[in-house]
Amino acid sequence: MITEVVKVDCHEREPLRQAAQILQSGGLVAFPTETVYGLGANAISPDAVSGIFQAKGRPSNNPLIVHIATVDQAKDLVQQWPNAAERLAQQFWPGPLTLVLEKKAIIPDIVTAGGSTVALRIPSHPIALALLQESGLPLAAPSANRSQAISPTTARHVLNGLNGRIPMILDGGPTSGGLESTVLNLTTAPPQLLRPGLITPSEIEAVIGPIERSSQRSEESMPLPSPGMLSRHYAPRAPLLLTDGNGMSLVTLHLGQDHKVGWLTFENREPQASLIPVVMPKGAGEYAARLYAALHELDQNEVDVIIVENPPSGEAWQAIHDRLKRASEPLPEKG
Ligand code: TXA
Ligand code: MG
């Protein structure tokens, strides 16, 4: 299959019409959202959705987020629309917050990994919204990368992972947010944070009151609330080492072992033959927007190891720490 990459802006309807047609006939289209690029399929069609799992090599026990264009569309897909959902949608949609609610039967099991709940969000990227409107479909869309790899923040990243596996990528330039949406389960009391993201727990609590903030679940607490919480995820090819300090001594150690080293650091550092320093922004929002692109670049440069200077603590950095921690953990046994 040839993968077509089409530059879009929202004034040009033709690429959007073409993409909508692919989706309506059961095909896959990668498109930008304000967080990362998504790989979309008609969420109501089990066949279309199975294409996502094939293209990504995604395990079928990991459920997908369904993207919609309006709150009314969201209400049509769930059993109940609780007050908390209404208030959060008013405040944060369109935007990077995903709400988990009890699903209606119209959502196929393959979308929810057989579970009774569905994850929903209205993305704010104009191209994502235009595509949702043009197709008229709810779109199941995970991040548009091979399973376990780093999420794509440019069309080029999508192409690197999925070339030949999908028919079309809509290129809307780099995404502004850079990390995946916050996932919040509204079927529990109190609501539970399943994945930290660009919207912080405090911002959520300001709207609906206290939530369960720890996104760590114990091994026993199956069934899965969110396999995106599985330890290794969002990972570059090279091992990633998170340091407590600035990483200088680890960098020296690995250079001494003839390794090619990538270094995410906050200071200006001189590149050397075997050292690629990437100077990261000091603000959390800018850091988030840059992180995956930096990891993609280091993967492209085929470094042997990536050393990451520990970012500051504080709630604004929670999602960044979460992703770095996952990227740094060893691969689980195959299963
Ligand atoms: O920002 C984002 O959320 C991006 C863009 C494309 O919207 N999408 C994304 O999708 O990150 P994905 O599939 O890579 O991550 C979806 C996360 C996973 O952690 C999954 O386990 C969780 O949402 N999830 C999906 N449905 C769920 C459900 N019914 N219950 C609990 N967790 C769910
Ligand atoms: Mg993903």
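Start by selecting strands β12 (residues 261-265) and β14 (residues 305-308), which pair in the parallel sense over four bridges. Keep in mind throughout that this is a predicted model. Within the pair, pick L264; its bridge partner in β14 is V308.

**The sheet around β12 and β14**

Now extend the selection to the whole sheet. It is an open sheet of four strands, in the order β11-β14-β12-β13, with parallel pairing. Which strands stand at the edges? They are β11 (240-242) and β13 (275-279); each has a single partner strand, so one side of each is left without a neighbour in the sheet. Direction ignored, neighbouring strands here are turned by 20 degrees against each other on average.

**Aromatic pairs**

Switch to side chains. The count of aromatic pairs comes to four. Select W81 and W93: their ring centres are 6.0 Å apart and their planes lie at 45 degrees, so the pair is tilted. Where do the two residues sit? W81 is in the loop between α3 (71-77) and α4 (83-92), whereas W93 is in the loop between α4 and β5 (97-102), 12 residues apart. The pair thus links distant parts of the chain.

Are these two tryptophans, W81 and W93, buried or exposed? W81 has a relative accessible area of 19%; buried means under 20%, so W81 is buried. W93, with a relative accessible area of 8%, is buried too.

Move on to F266 and Y287. This aromatic pair is tilted as well, at 5.7 Å centre to centre with 35 degrees between the planes. F266 lies in the loop between β12 and β13, and Y287 lies in helix α10 (residues 284-300), so the pair ties together parts that are 21 residues apart in sequence. F266 counts as buried at 11% relative accessibility, and Y287 counts as buried at 0%.

**Helix α1**

Go to helix α1 (residues 14-24) and show the side chains of its buried residues: P15, L16, A19, A20, I22 and L23. Look down the axis of α1: these residues fall within an arc of 160 degrees, so they line one face of the helix. An α-helix has 3.6 residues a turn, so residues three or four places apart point the same way.

What covers that buried set? The cover of α1 includes β1 (4-7), β2 (29-32), β3 (37-42), α6 (126-135), β7 (139-140) and β8 (168-171). Just after α1, select G26, which takes a positive phi of about 90 degrees.

**The whole chain**

Finally, zoom out. The secondary structure of the chain comes to 11 helices and 14 strands. The radius of gyration is 20 Å, close to the 20 Å that the globule rule gives for 335 residues, so the chain is as compact as a globular protein of that length. Along its principal axes the C-alpha trace spans about 60 × 45 × 40 Å. Of the 335 residues, 54% count as buried. Among contacts with a separation of 6 or more, residues 24 or more positions apart account for 66%.

Key
Residues numbered from 1 in each chain as written. Chains lettered and ligands numbered in written order. Predicted model: local features only at pLDDT ≥ 70, side-chain atom pairs only at ≥ 80, totals over all residues. Heavy atoms only, no water. Buried < 20%, exposed > 50% of the residue type's maximum accessible area, 1.4 Å probe, protein only. Arc of directions from axis to C-beta. Contact = heavy atoms within 4.5 Å. Pairing = 2+ DSSP bridges. Axes fitted to C-alpha atoms, helices over the stretch in contact; angles between N-to-C directions. Phe/Tyr/Trp six-rings, centres within 6.5 Å; stacked < 30°, edge-to-face > 60°. Rg over C-alpha atoms; globule rule 2.2 N^0.38 Å.
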